[in-house]
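Thanks for coming. I will take a few minutes on one structure, so please have it open while I talk.

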Amino acid sequence: MPGASSRSTTAPPRPTAIECRLASSDHELDAHFELRRSVFVSEQELFAHDDRDERDDRESTLHALGLIDGEPCGAVRLYPLERSWRQWKGDRLAVLPELRTYHLGAELVRFAVATAGRLGGARMIAHVQLPNVRFFEHLGWEVEGNSAPFHGVDHQLMSITLDRGA
């Protein structure tokens, strides 16, 4: 029918490959930051223009990408909280909304936990938005203390013990 929408009602194809790795080039680092902007600035409006901060410029901060079929679709940032590298923090977990059903977020969290463990970490913490607490609990994280606001959105402190052999 002329003028009718040609939108397909079929679901997008399932991904054939999901990969998580540390950003290793300027291009990949740019993709990491763009994914975070897309989620935290455009979608959630937690930040006005950009979510980058001084932590992103530190040499000890690691920026990970989650790729679906070779395309950057998710990101997470992780870094040690002390000189001994035993306590780590994971934050800025971002996955494009239309791809959240593909479990890339879980793979990025597992990657961050394994990476921090391999680098000598004993424990990792994260401030998690309240709707995501059960997701993190399913991945082995534990709630600590009470929730507190961050940029107007309540977050819950959570932690996980790291496996150095991961």
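Predicted model: local features only at pLDDT ≥ 70, side-chain atom pairs only at ≥ 80, totals over all residues.

Let us start with α1, which covers residues 26-43.

Now to the buried side of the story. Several residues of α1 are buried, among them A31, F33, L35, V39 and F40. What do the buried residues of α1 pack against? The answer is a set of strands: β1, at 18-22, then β2, β3 and β4, and also β5, at 123-129.

That brings me to β5. Of its 7 residues, 5 are buried, so β5 is largely enclosed by the rest of the structure. β5 pairs with β4 in the parallel sense, over 3 bridges. In that pairing, W88 has M124 of β5 as its bridge partner. β5 also pairs with β7, residues 153-161, in the antiparallel sense and over 7 bridges. There, R123 stands opposite T161 of β7. If you trace the chain through β4, α2 and β5, you have a right-handed β-α-β unit.

Next, the loops. After α1 comes E45, with a positive phi near 55 degrees. E45 is not a glycine, and it sits in the loop between α1 and β2. Is E45 buried or exposed? Its relative accessibility is 63%, and the cut-off for exposed is over 50%, so E45 counts as exposed.

H103 is not a glycine either, and its phi is positive, about 70 degrees. You will find H103 in the loop between β4, residues 87-95, and α2, residues 104-118. With 52% relative accessibility, H103 counts as exposed.

Which residues does R86 contact, leaving aside its neighbours within four places in sequence? They are G120, G121, A122, R123 and R164. For R86 and S60, the separation is 26 residues in sequence and 13 Å in space, C-alpha to C-alpha.

That is the end of my part.

Key: Residues numbered from 1 in each chain as written. Heavy atoms only, no water. Helix = DSSP H or I, 4+ residues; strand = E, 2+ residues; numbered from the N terminus. Buried < 20%, exposed > 50% of the residue type's maximum accessible area, 1.4 Å probe, protein only. Contact = heavy atoms within 4.5 Å. Pairing = 2+ DSSP bridges. Right-handed = clockwise from strand over helix to strand, strands pointing away.
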